[in-house]
Amino acid sequence: MEKLLIKGGNPLSGRIECSGAKNAALPMIASTILCEEEVILKNLPYLQDITTMFELLGSMGADIILNENMDFTITSKNLQDIEARYELVKTMRASILVLGPLVAKYGKARIALPGGCAIGSRPVNYHLDSLKQMGAEIVLKNGYIEASASRLKGANIKFDGITVTGTENIMMAATLAAGKTTLTNVAKEPEIIDLAEMLNSMGAKIDGAGSDQITITGVESLNGTKYEIPADRIEAGTYLAAAAVTKGEITIEGINPNRLMKVIEKLNSTGAEINLGIDSISINMKKDVPNPVDITTAPFPEFPTDMQAQFSVINAISSGTANIYETVFENRFMHILELNRMGCNIAVEGNRAIIKGVRNLYGAEVMATDLRASASLILAGLCAKGETVVDRIYHIDRGYERIEEKLNYLGADIVRLPS
Ligand code: EPU
C-alpha cells in the first residue's frame, strides 16, 4: 500500500487552481442514465471515486470516452445489467446515486445495500422511503436493494432528516416521473444547485434547488448536454487550512467564495487574513499561533462536516481550547486518536471533541481511516516537527486530485512511497 512521507515545517506559499468537485461530479455522472443522448462533462477531477462511478456505469453497458480536451463523453443508452455489485458499492457508498435514475429510466434497479462505514452507520432509508412514495416497490434481499416501478409518480415528499445524496437521488428520479414532485426538508448544498442546473440543461423542470423546497415537474424524456464540473469547495477549504497551520500565504483560484463562507468566517477567527475575489480566495496566516475556534458541523450553509477534521488540526496547535461538535455523522472522530499520537491533546466525549492547543506536533507513523481524516493527518504532518508517514492513502486518492503535487508546488516536502 502506498504511503506519504511528509517532512514538516515548510510554510506554504503561492497559487494553485482548484480541481473539479467530487461530490458534484458523482451525481452528475449518475444523471447521464436518465437520457439516451451524449453527455459531455468537462473538468472532471482525476480521482478514484470518479473511476469507480465510471466502472459502475461501464459494467451496465454505458459508453465512456475521454476526448483530446480531457472531456468525458458518456452515453448511457440501453443499459443492460441494471445492477450495482457489492464489490463496487463497498468501495464507494455514493454508488447509491444510480438508484433513482435507474428506476426512473428503466423501471428497475438492483443495488448492493451499503453497510456501515468508518464515519457511521449511514443508512439509506430516506432514499428508499421517498422512492416508495413515488410508487416504487422495494425489496431488500440477499444484501441488495431490489427496486421496481412501471413509471414513477410525482409525490409530496418530506425528508425525515436532511440528506445530500438522498435529495439528489430523488430529484433525479422525479425528472422522469409522471406529474409533479415536491421535496421538502431537502439539502441545500451547492452541489444540489449544480445538479439541478445540469438536469435543467437536459430539459428537466426543477425549481427551488438551494432552498428548503424543490419542485420537479416530470417530463417524458431528457436530452444530452455539455456541463462543466464546478470547483471543489472542500478541496479549497483543505488547502486554506493547510496554509493556516503552516503560517502560509496562498491563493486558491477558480473557487467561488460563496460556497464556503462558514469556513472562511472560521479561518478569519483563527487570526488569518482572508481576501476574497470573484473566483479566488487568498489567506495570509499572520499569527504565529492560531486562535482556537469552536465549531458545530451541520448541513449547508452551516459549517461542513467534511472540513471538521482539518479544523481539528488548526485547533490542535492553537493558543487555547476549542470544542468541535459533530452533528452530521455519528462517528467522525477516527482521526483524533492518530492526531494524539502526533502530540495533539484532544479528548472525545460523545459527539464533542475538546481540543487543547499544544506548542508542537511531532512526526509519527499514522494511518488514514477515511478521506477527510487522511487530509487532517497530512495537515498535521505539514506543521509537525520531523517526519510523518501516512499509511492507507488510498483514502486520500478517492477525493483529492494530485494532493502531494499541489502541496509540493506550494513548498511542502512530500514524497509518495511505493507499496
Ligand atoms: N442519513 C440517514 N438516512 C438516509 C440518509 C442519510 O439516516 O437515508 C443520515 C446519515 O447517516 C448521516 C446524515 O443523514 O448521519 C447525513 O447524511 P447524507 O445522506 O447527507 O450524506 P451523504 O449524502 O451520504 C454526502 C457527501 C459526504 C458528506 C455528506 C454531508 C457525497 C457523495 N457525499 O454524503 O461527503 O460528508 O453528504 O455533507 O456527496 C466526503 O466527501 O468525504 C463525504 C463523506
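Biologist: Which kind of contact do the side chains of R259 and D194 make?

Modeller: A word of caution comes first: this is a predicted model. In it, the side chains of R259 and D194 form a salt bridge, with 2.7 Å from N to O.

Biologist: Where do R259 and D194 lie?

Modeller: R259 belongs to the loop between strand 15 (249-253) and helix 9 (261-269), while D194 is part of helix 7 (residues 190-201), so the pair ties together parts that are 65 residues apart in sequence.

Biologist: Are R259 and D194 buried or exposed?

Modeller: Both R259 and D194 are buried.

Biologist: How many salt bridges does a search of the whole structure find?

Modeller: The search finds 23 salt bridges. One of them joins the side chains of E36 and K105, at 2.7 Å from N to O. This pair links distant parts of the chain: E36 sits in the loop between helix 1 (22-31) and strand 3 (39-42), and K105 in helix 4 (residues 99-106), 69 residues apart. E36 counts as partly exposed, at 38% relative accessibility. K105 is also partly exposed, with a relative accessible area of 25%.

Biologist: What do the side chains of E220 and R151 form?

Modeller: E220 and R151 meet in a salt bridge as well, at 3.4 Å from N to O. E220 is found in the loop between strand 13 (213-217) and strand 14 (225-228), and R151 in the loop between strand 9 (144-148) and strand 10 (156-158), so the pair ties together parts that are 69 residues apart in sequence. With 69% relative accessibility, E220 counts as exposed. R151 is partly exposed, at a relative accessible area of 32%.

Biologist: Let us turn to helices. What describes two packed helices?

Modeller: Two values are used: the angle between the axes and the distance between the axes. As a case, take helix 5 (residues 125-133) and helix 6 (residues 164-175), whose axes come within 9 Å and cross at roughly 25°. That makes helix 5 roughly parallel to helix 6, because angles under 35 degrees count as roughly parallel. The crossing of helix 5 and helix 6 is right-handed.

Biologist: Which residues meet where helix 5 contacts helix 6?

Modeller: From helix 5, H127, S130 and L131 take part, and they meet T165, G166, N169, I170 and A173 in helix 6. The residues of this contact divide into 3 nonpolar, 5 polar and no charged.

Biologist: Let us look at one residue of this contact. Is G166 buried or exposed?

Modeller: G166, in helix 6, is buried, with a relative accessible area of 0%. Leaving aside neighbours within four places in sequence, G166 is in contact with H127 and F159. By contrast, the C-alpha atoms of G166 and K3 are separated by 34 Å, and these residues are 163 residues apart along the chain.

Biologist: At what angle do helix 10 and helix 12 pack?

Modeller: Helix 10 (residues 308-316) and helix 12 (residues 371-383) pack at an angle of about 25°, and their axes are 7 Å apart. Helix 10 and helix 12 are therefore roughly parallel to each other. Their crossing is right-handed. In helix 10, A309, Q310 and V313 meet R372, A373, A375, S376, L379, A380 and C383 in helix 12. The contact residues here divide into 7 nonpolar, 2 polar and 1 charged.

Biologist: Which residues of helix 11 are buried?

Modeller: In helix 11 (residues 334-341), the buried residues are H335, I336, E338 and L339. What covers them includes helix 10, strand 20 (345-349), strand 22 (365-367) and helix 12. Just after helix 11, G343 takes a positive phi of about 105°.

Biologist: Where is K385 placed, and what does K385 touch?

Modeller: K385 is in the loop between helix 12 and strand 23 (387-391). Not counting residues up to four places away in sequence, K385 touches N360, L361, Y362 and G363. K385 counts as partly exposed, at 48% relative accessibility.

Definitions and conventions. Residues are numbered from 1 along each chain as its sequence is written. This is a predicted model: local features need pLDDT of at least 70, side-chain atom pairs count only at pLDDT 80 or more; totals for chains, interfaces and linings use all residues. Side-chain values use heavy atoms; hydrogens and water are left out. Axes are lines fitted to C-alpha atoms, for helices over the stretch in contact, and angles run from 0 to 180 degrees between N-to-C directions. Helices (H or I, at least four residues) and strands (E, at least two) are DSSP runs, numbered from the N terminus. Angles under 35 degrees count as roughly parallel, over 145 as roughly antiparallel, 65 to 115 as roughly perpendicular and the rest as oblique. A crossing is left-handed if the near helix is turned anticlockwise from the far one by less than a right angle, and right-handed if clockwise. Contact means heavy atoms within 4.5 Å. Ala, Val, Leu, Ile, Met, Phe, Trp, Tyr, Cys and Pro count as nonpolar, Asp, Glu, Lys and Arg as charged, and the others, Gly among them, as polar. A salt bridge is a side-chain nitrogen of Lys or Arg within 4 Å of a carboxyl oxygen of Asp or Glu. Buried means under 20% relative accessible area, exposed over 50%, partly exposed in between (1.4 Å probe, protein chains only).
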